Amino acid sequence: MKINGFFVRRYPVSCFFIAVIWVLCFCTPPKTPLDNVALMDKWTHIAMYAGTCLAIWIEYLRAHRRIGWRRLFTWAWLAPVLMSGLIEVLQATCTGGRRSGDWLDFAANAVGATLAAVIGILLARRRAKG
């Protein structure tokens, strides 16, 4: 459990966003007027994962002087994308029909993580210059 406290102390915003994603992905979404907007669900997924992964990048850059690119790729892109796939599989198999796994949601999540990675790389390069 010591390592969990380490992550929460060093990456509090990221951990909070990850917890929110897990909760939101398994509760029944409310009906809203925005349900009629084309691809609104996909835009929501892109925003959730872009925000979460960007928080990981920013907190990592804040906490580390030296950038470990492999570590960043693993924790700020690959792990969230794999988590997204796991969530979609669990939604399809473990929610009793309340939620459905959607591979387009998975793709939207990967797009959000990728956008955050591009922004994170730009931030890291800017920090390296200054």
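Helices, which here are DSSP runs of type H or I with at least four residues, and strands, which are E runs of at least two, are numbered from the N terminus.

Figure 1. The secondary structure of the protein chain comprises 5 helices and 0 strands, and from the N terminus on its elements follow the order α-α-α-α-α. The model shown is a predicted one, in which local features need pLDDT of at least 70 and side-chain atom pairs count only at pLDDT 80 or more, while totals for chains, interfaces and linings use all residues. Residues are numbered from 1 along each chain as its sequence is written, and side-chain values use heavy atoms, with hydrogens and water left out. Taken along the principal axes, the C-alpha atoms of the protein chain fill a box of roughly 50 × 35 × 25 Å. Among contacts (heavy atoms within 4.5 Å) between residues at least 6 apart in sequence, 76% join residues at least 24 apart.

Figure 2. A residue is called buried when its relative accessible area is under 20%, exposed when the value is over 50%, and partly exposed in between (1.4 Å probe, protein chains only). Of the 130 residues of the protein chain, 32% count as buried. A nonpolar core is a set of buried Ala, Val, Leu, Ile, Met, Phe, Trp, Tyr and Cys residues that are joined through side-chain atoms within 4.5 Å. The largest such core has 9 residues, namely Tyr11, Ile56, Trp57, Tyr60, Leu61, Leu72, Ala76, Ala117 and Ala124.

**Figure 3. Serine 84 is a buried residue of helix H4.** With a relative accessibility of 1%, serine 84 counts as buried. When its neighbours within four places in sequence are left aside, serine 84 is in contact with Tyr49, Phe106 and Asn109.

**Figure 4. Tryptophan 57 and tryptophan 69 form a tilted aromatic pair.** Rings of Phe, Tyr and Trp (its six-membered ring) pair if their centres lie within 6.5 Å, and planes under 30 degrees apart count as stacked, over 60 as edge-to-face and the rest as tilted. The structure holds 8 aromatic pairs. In this one, the ring centres of tryptophan 57 and tryptophan 69 are 6.2 Å apart and the planes stand at 55 degrees, which is why the pair is tilted. Because tryptophan 57 lies in helix H3 and tryptophan 69 in helix H4, the pair ties together parts that are 12 residues apart in sequence. Tryptophan 57 is buried, at a relative accessible area of 4%, whereas tryptophan 69, at 43%, counts as partly exposed.

**Figure 5. Tryptophan 103 and phenylalanine 106 form an edge-to-face pair.** Their rings lie 5.6 Å centre to centre, with 85 degrees between the planes. Both residues belong to helix H5, where tryptophan 103 and phenylalanine 106 are 3 residues apart, about one turn of the helix. Tryptophan 103 counts as exposed at 55% relative accessibility, whereas phenylalanine 106, with a relative accessible area of 26%, is partly exposed.
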